[in-house]
Amino acid sequence: MTGTLAGALDARHIPASPDTLSANVQGMIEAPEGVLKITRISCHFNLKVPQGKKEEAIRALSVFERNCPVAQTLKGAVAIENTWDVEELS
């Protein structure tokens, strides 16, 4: 998912690199019908952006999932929750 997010940020001239973009991802495994399966994925993104780019970054974060092939593949089968912290660099 971070690859698609990096592309969304790049389109807005917001650099994405290991120094500026990281994600903490957790999956919930349950056995709703007696068989283990991943039922939920939570992604928390930490992003550092140039001064004046915070609102654009938040917009990118809020819409990138609809163009993400992983999210679209899992849609309807696994609940995905995205949250983020965006810090402006001085």
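Buried here stands for under 20% relative accessible area, exposed for over 50%, and partly exposed for what lies in between (1.4 Å probe, protein chains only).

**Basis of the entries.** The model is predicted, with local features requiring pLDDT of at least 70 and side-chain atom pairs counting only at pLDDT 80 or more, while totals for chains, interfaces and linings use all residues. Residues are numbered from 1 along each chain as its sequence is written, and side-chain values use heavy atoms, with hydrogens and water left out.

**Overall layout.** I counted three helices and three strands in the protein chain. Helices (H or I, at least four residues) and strands (E, at least two) are DSSP runs, numbered from the N terminus. Read from the N terminus on, the order of elements is α-β-β-α-α-β. The C-alpha trace spans about 50 × 20 × 20 Å along its principal axes. The chain has 90 residues, and 26% of them count as buried. For the accessible surface I recorded about 5,800 Å², with 51% belonging to carbon and sulfur atoms; the areas come from the Shrake-Rupley method with a 1.4 Å probe, and for residues only the protein chains shown count as cover. I then turned to contacts, meaning heavy atoms within 4.5 Å. Among contacts with a separation of 6 or more, 63% join residues 24 or more positions apart.

**Leu47 and Thr20.** What does Leu47 touch, not counting residues up to four places away in sequence? I listed Leu9, Thr20, Leu21, Ala57, Leu61, Asp85, Val86 and Glu87. Thr20, one of these partners, is found in the loop between α1 and β1. With residues up to four places away set aside, Thr20 touches Pro15, Asn46, Leu47 and Lys48. A polar atom of the Thr20 side chain lies 3.4 Å from the backbone oxygen of Pro15.

**Asn82.** I located Asn82 in strand β3 (residues 79-88). Is Asn82 buried or exposed? Asn82 counts as buried because its relative accessible area is 16%. Its side chain makes a polar contact of 2.5 Å with the side chain of Glu65. A polar contact is a pair of N or O atoms within 3.5 Å; within protein, one must be able to donate a hydrogen and the other to accept it, and residues adjacent in sequence count only if both atoms are side-chain atoms. Beyond four places in sequence, Asn82 touches Cys43, Phe45, Phe64 and Glu65.

**Cysteines.** I searched for disulfides (a pair of cysteine sulfur atoms within 2.5 Å) and the count came to zero. Cys43 is in no disulfide, the nearest cysteine sulfur being that of Cys68 at 8.6 Å. Cys68 is likewise in no disulfide, with the sulfur of Cys43 as its nearest, 8.6 Å away. Cys43 is buried at 3% relative accessibility, and Cys68 is buried at 1%.

**Charged pair.** How many salt bridges are there? I found one salt bridge, defined as a side-chain nitrogen of Lys or Arg within 4 Å of a carboxyl oxygen of Asp or Glu. The side chains of Lys53 and Glu56 form it, at 3.4 Å, N to O. Lys53 is buried, at 19%, whereas Glu56 is partly exposed, at 22%.

**Loop residues.** I noted that His13 has a positive phi, near 60°, in a residue other than glycine. Most residues other than glycine have a negative phi. His13 sits in the loop between α1 and β1 (21-30) and is exposed, at 65% relative accessibility. Gly52 belongs to the loop between β2 and α2 and is exposed, at 60%. I also recorded a separation of 22 Å between the C-alpha atoms of Gly52 and Ala23, which are 29 residues apart along the chain.
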